[in-house]
Every structure is written in C-alpha cells, then in structure tokens.
Amino acid sequence: MGTPDSISSVKDIEPQLVRLGLVCPDGHALVKMQTKDLEEALLTYFLGNDVDDAAVVRLYGPSRKESSKTFEVSVGLVEISRCFYPRSTHTGAVLSSAVCSQCLPVFYESQGLWDNGLGQRELFFEVEMWFDDGVLSRVEVSGLSREQKRVQMLKDGVGVLPDDDRLVKRRIKELLKENEST
Ligand SMILES: [Zn+2]
C-alpha cells in the first residue's frame, strides 16, 4: 500500500472547475483531493490552466525540486512555491477523495473526552476525473450534501446539533477564522 498523492487547484480556475462539475453537492469548487491512482508516493500535483490555452484545465506534476535546473528551461513548466510542476501526460481515470473547504462539518453531541462534548464529521466526496494526455475532460462527484449527511446521521441515532447551538456557534466561528488564515 502506497501513500496518497495530493492534487490541489490554483485559485483562479475555480469557475472552470465549477463548469466541469468538480463541485460539492452545494456547488462549491473542490480544490483539494487525495488519490492513490497516480504514483502513491506523497507527491503533489495541481490543476491549472494550460499555458497555451486558458480554456483548458490540465494536470501538472508531480512536483520537482527547484534545484533540477533542466526543468526551468523546458517548455510548459509552472513555478509554484519554489517547486516546478511539469505538465502531466496522464491519460485515464483518477479516483480521489475530497473534502469541501467551504462546507462546514456536521456537528454532534459526543461522548468523547477530547472534544468537550462536541464532535464534528467532515463531508467526504468521491471524485472521479478523466484525463486525456493531462487534460481534464470529465468529472463525476458522489457524496452527500451537508443537509443529507445531517439527516442520515440523525437516522443513525447520532445526536446531531443545530448550527445555532451555543457550542456549535463558537466552533463555527473558530473554523471560519482558521479558514481565513490559511
Ligand atoms: Zn461545499
């Protein structure tokens, strides 16, 4: 068993991701994913515009360290956080899992000792992407929306708490603050 690679998206392609359907059930662009369908080596990839065609979203990576000078002069390389990401030529499907960075988790009453009685369950989505020579051609996302998840957890007998619960309100405030700073 290898370790998953991560795929992130550059901020300015979010409208394109939405158009391609790379969204959570509430319509937020999914910008961070993990997959074992690539090299399974904790590498990072990202989705960005094609350098020659802004209408195209393609896969870059895996990252190469800046020290490898040859990559600097090659065509079609993009520099992000001092790493170089060559264009990927991957063809085929990539199955990954994603957490929406905009949907809040579902909060519930917990018996746990660590969480002060307030548990939270993140929303995970299964994302299947199809690439053709590195170009993202099709996306399918499956998973429950926050509301559906809440209903399912209630059915399972979990003590789901409303968002206007005092503890929940405080936790949401903290989470929003964390999101702002990242
Ligand atoms: Zn969302």
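User: How many helices and strands are in the chain?
Analyst: The chain has 4 helices and 12 strands. Both are DSSP runs numbered from the N terminus: helices are H or I with at least four residues, strands are E with at least two. This is a predicted model, in which local features need pLDDT of at least 70 and side-chain atom pairs count only at pLDDT 80 or more, while totals for chains, interfaces and linings use all residues. Residues are numbered from 1 along each chain as its sequence is written.

User: What percentage of the residues count as buried?
Analyst: 24% of the 182 residues. Buried is 20 or more other C-beta atoms within 10 Å of the residue's own, exposed is 12 or fewer, and partly exposed is in between, with C-beta atoms placed from the backbone.

User: Which residues touch the most other members of the largest nonpolar core?
Analyst: Leu-30, Leu-47, Phe-125 and Val-127, in a core of 27 residues. A nonpolar core here is a set of buried Ala, Val, Leu, Ile, Met, Phe, Trp, Tyr and Cys residues joined through C-beta atoms within 7 Å.

User: Which strands supply at least two residues each?
Analyst: Strand 3 (44–49), strand 4, strand 7 (83–85), strand 8 and strand 11. Strand 11 gives the most, with 4 residues.

User: Which residues are on the covered face of strand 11?
Analyst: Phe-125, Val-127, Met-129 and Phe-131. The uncovered face has Phe-124, Glu-126, Glu-128, Trp-130 and Asp-132.

User: And how does strand 11 pair with strand 8 and strand 12?
Analyst: Strand 8 (residues 92–99) runs antiparallel to strand 11, joined by 8 bridges, and Gly-92 stands opposite Phe-131. With strand 12 the sense is also antiparallel, over 7 bridges, and Met-129 has Val-139 as its bridge partner. Strands count as paired if DSSP finds at least two bridges between them.

User: What's in the turn of the hairpin between strand 11 and strand 12?
Analyst: There are 2 residues between the strands, and Asp-133 in the turn has a positive phi of about 50 degrees. Asp-133 is not a glycine.

User: Is Asp-133 buried or exposed?
Analyst: Asp-133 counts as exposed, because it has 12 C-beta neighbours inside 10 Å.

User: Different topic. Where is the cis peptide bond?
Analyst: From Gly-61 to Pro-62, with omega near 0 degrees. Pro-62 is in the loop between strand 4 (57–60) and strand 5 (64–65).

User: Back to Leu-47. What does Leu-47 touch, leaving out residues up to four places away in sequence?
Analyst: Ile-7, Ser-9, Ile-13, Val-57, Leu-59 and Leu-136. Contact means C-beta atoms, placed from the backbone, within 7 Å.

How values were computed: Contact = placed C-beta atoms within 7 Å.
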